[in-house]
Amino acid sequence: MHQSSVPCAGGTTMTSAGAQLSEKMRAQMLSIVSINRQPTEAYQIVCDEFYDYINEIKTQKLETPEWLEVLKTLQEGINDCPCWVSTGQCMRYFLQLKQVVDKTLKD
């Protein structure tokens, strides 16, 4: 199966599957940051979604600096979410992740 390429940051290209993942993650981040999340809800979001995103990024071999930053930030969320005690901590993290994901979409 042939996948088309899409321009992305730094003049590199990513497969259409990478662009689809980027759009999917961006849409979810917009949904997450649209309202304040309590630590228990934020923890559940991380547990339900982040491992799948990590596996998808690795399976698609998305290895640009932008995607490596997404992987690093996802892993930080997995490591830190059990320690979140305030809505502010959760939302700062999700806003940071949204900014990192947005970088994968820039031309």
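Modeller: Leaving aside its neighbours within four places in sequence, K98 is in contact (heavy atoms within 4.5 Å) with M29, L30 and V33. This is a predicted model, in which local features need pLDDT of at least 70 and side-chain atom pairs count only at pLDDT 80 or more, while totals for chains, interfaces and linings use all residues. Residues are numbered from 1 along each chain as its sequence is written, and side-chain values use heavy atoms, with hydrogens and water left out.

K98 lies in helix α4; a helix here is a DSSP run of H or I with at least four residues, numbered from the N terminus. K98 has a relative accessible area of 16%, so K98 is buried (under 20% relative accessible area, 1.4 Å probe, protein chains only). The side chains of K98 and D102 are joined by a polar contact of 2.7 Å; such a contact is a pair of N or O atoms within 3.5 Å, where one must be able to donate a hydrogen and the other to accept it.

Now the rings. The structure holds four aromatic pairs, meaning rings of Phe, Tyr or Trp (its six-membered ring) with centres within 6.5 Å. F50 and Y93 form a tilted pair, with 6.3 Å centre to centre and 45° between the planes; planes under 30 degrees apart count as stacked, over 60 as edge-to-face and the rest as tilted. F50 lies in helix α2 (residues 39-59) and Y93 in helix α4 (residues 87-103), so this pair ties together parts 43 residues apart in sequence. F50 is buried at 0% relative accessible area, and Y93 counts as buried at 6%. Ring pairs link F50, W84, Y93 and F94 into a cluster.

Conventions. Helix = DSSP H or I, 4+ residues; strand = E, 2+ residues; numbered from the N terminus. Buried < 20%, exposed > 50% of the residue type's maximum accessible area, 1.4 Å probe, protein only.
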